[in-house]
Amino acid sequence: MLELINVSKRVGHQQHIQDINLQLQPGSLNVLLGATLSGKTTLMRLMAGLETPSAGEIRFNGANVRGIPVQKRDVAMVYQQFINYPSLSVFENIASPLRVAGLDKATIHHRVHKAAELLRLTDYLHRLPADLSGGQQQRTALARALVKQAKLVLLDEPLANLDYKLREELRRELPVIFARTGAILVYASTEPSEALLLGGNTATLHEGRLTQFGPAIEVFQRPVDVHTARIFSDPPLNTVAVHKHGNELVCADFVMRLAADAAHLPDAAYTLAVRPWHVRIDSETGLPDVALINAHVEVTEITGSESYVHVRLGGQGPDVPRWVALVQGVRDLPADSSLTLAVSAAQIYLFDAEGKRCLAPAGDTGDSGLGNSD
Amino acid sequence: MIRRAWIPVLYIVFLMLPLYWLLMMSFKTNQEILSTFSLWPREFTLQNYITILSDSSWYSGYINSMIYVVMNTVISLSVALPAAYAFSRYRFLGDKHLFFWLLTNRMAPPAVFVLPFFQLYSAFGLIDTHIAVALAHCLFNVPLAVWILEGFMSSVPREIDETAYIDGYSFPRFFTKIFTPLIAPGIGVAAFFCFMFSWVELLIARTLTVTDAKPISAIMTRTVSASGLDWGVLAAAGMLTVIPGALVIYFVRNHIAKGFALGRV
């Protein structure tokens, strides 16, 4: 088990990681989800031992690992860039951790070929990394991480630089391949869809802080605060500042009647958030407590099966909220045309002034979009 | 097309002319050199070369030069490799200033250092030894080698180092087995520049040596004898001095081209 206890990392005046507490179980898949510069890579480097925490403790199976050099730790790591040893053949690249460990020839041969087979590299073992395609190079790096049979495997956005098809394929296979080794698998990603597709646990990072850790779907459906909800939403979460008066939410652009279960919330300022696929652009929703919102189209992106309608609420100006509505099919709306958005009170999140969640949709099944959003 | 080709042809002719003249002179007798103006030797002779290769006061000059040049190249590289690695991989107090200061050493003409070197090396009894010249040339070659190697090293992603450590490589093993092959062109280029500077440099080499370690370039300046200047032998010595440099360039020419493209040369 890998335990992080109040781990912080400062570099100069910059706080890269702040007070992170985390427990990762053997055989588990853990996705670190966060925007770029949120501290994912630093956290992984701390886990690997490439950097030492400024404060706090990292324990592996109960023992503090501070001061143990990387070479002595049982870890494997794969970077976003395709990192291999350019002067060594693919075989030697994969075999390298085993050679250093001083294993005998037969064992090395057996293990390398097994890993190469799993990652479909058998035909390329004699080549140099530079002669491979990007996907094959990254598979070589993954094979090297696999063959070591490390207790802790760190994958830092390993699929980010691959093309779409290959990414989908490897994303399906990776958890299965590494799960067999019983290692703690840590996977950094910027894509919410990846966290959900991979499954396992998700830890969301915001500006060096851990905002939530739990099973992916739970974190997705019931984010503890507005940062987590934002990180775990692609296309971006739609938000607007509202004020609660009695059983109504009021803002400049609309008034929304609240459902009964929100009546206990005190009258105060809140942030209303709604997933892009819960914003309708036709008023026939069949849902209760629908608020109608006037908006203007800024641009429409059409993927074929879906259309992303970018709109601004209310009038002109830089400060008006900008929302995205994700709708089925091709909806080619001209720019600057006005339309009416419909949002049901049954599908909104409310976050209080500190960003804590006060209300979540009862059955947010994430029933649209995410799977195809990359 | 044909008209344009004149320019490079002319350029090459002018470039090669002195070298051609030197080569022809080395095959002439002194009498021919002084008496007539000829494009090629009337009386072809190898006597000048025989003189140099059979007289130890001549050929020992080549051996001495070779010894301290190789010593200097080895010392410069073995010092510059770790230094360049540190500059490329670590941030430390004043690293950028130190890096620049190293380079400024090359901005001073070698003559500036002749006097202090002479007295220091005399004090330690190092005058007229190969190591004295080799060490003195390090003042110019180490900064250059550090600068060239740092460029090459910085083009190798840091993640390769880390991946090697994660794989379990110790630093020395990583450096020799993984890192050195990656910067081999850089090492070749740095070695070439060290070699050339040390081979060509005359002032310091001459000042720090007397007889036992006297370099060929210094010996060449002393061919004035009772019978006047020995032109033919001097020309032959000059040709023999060009050969090692030409050989080195031939072997590292691909690396140099790569070096110009990749790192900083």
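Modeller: The following conversation goes from chain A as a whole to its sheet, and then to chain B.

Modeller: This is a predicted model, in which local features need pLDDT of at least 70, side-chain atom pairs count only at pLDDT 80 or more, and totals for chains, interfaces and linings use all residues. Residues are numbered from 1 along each chain as its sequence is written, while chains are lettered from A and ligands numbered from 1 in the order in which they are written.

Biologist: How many helices and strands does chain A have?

Modeller: Chain A has 8 helices and 20 strands. Helices (H or I, at least four residues) and strands (E, at least two) are DSSP runs, numbered from the N terminus. The C-alpha atoms of chain A fill a box of roughly 75 × 45 × 35 Å along the principal axes.

Biologist: What percentage of chain A is buried?

Modeller: Of the 374 residues in chain A, 42% are buried. A residue is buried if 20 or more other C-beta atoms lie within 10 Å of its own, exposed if 12 or fewer, and partly exposed in between, with C-beta atoms placed from the backbone.

Biologist: Now the sheet. In what order do the strands of the open sheet run?

Modeller: The order is S2-S1-S4-S5 in chain A, and the pairing is antiparallel. Two strands pair if DSSP finds at least two bridges between them. The edge strands, S2 (14-24) and S5 (63-64) of chain A, each pair on one side only.

Biologist: And how many bridges join S1 and S2 of chain A?

Modeller: S1 (residues 2-11) and S2 of chain A pair over 7 bridges. A:Glu3 stands opposite A:Gln23 in S2(A).

Biologist: Let us change topic. How many residues of chain B are in contact with chain A?

Modeller: 14 residues of chain B are in contact with 17 residues of chain A; contact requires C-beta atoms, placed from the backbone, within 7 Å. H8(B) gives the largest share of that side of chain B, 7 residues.

Biologist: Which residues of that helix are buried?

Modeller: In H8 (residues 158-167) of chain B, the buried residues are B:Asp161, B:Thr163, B:Ala164, B:Tyr165, B:Ile166 and B:Asp167. Their cover includes H1 (40-48), S6 (75-78) and H2 (90-101) of chain A, together with H4 (56-89) and H9 (171-182) of chain B.

Biologist: What follows H8(B)?

Modeller: B:Gly168 follows H8(B), and its phi is positive, near 110 degrees.

Methods
Two residues are in contact if their C-beta atoms, placed from the backbone, lie within 7 Å.
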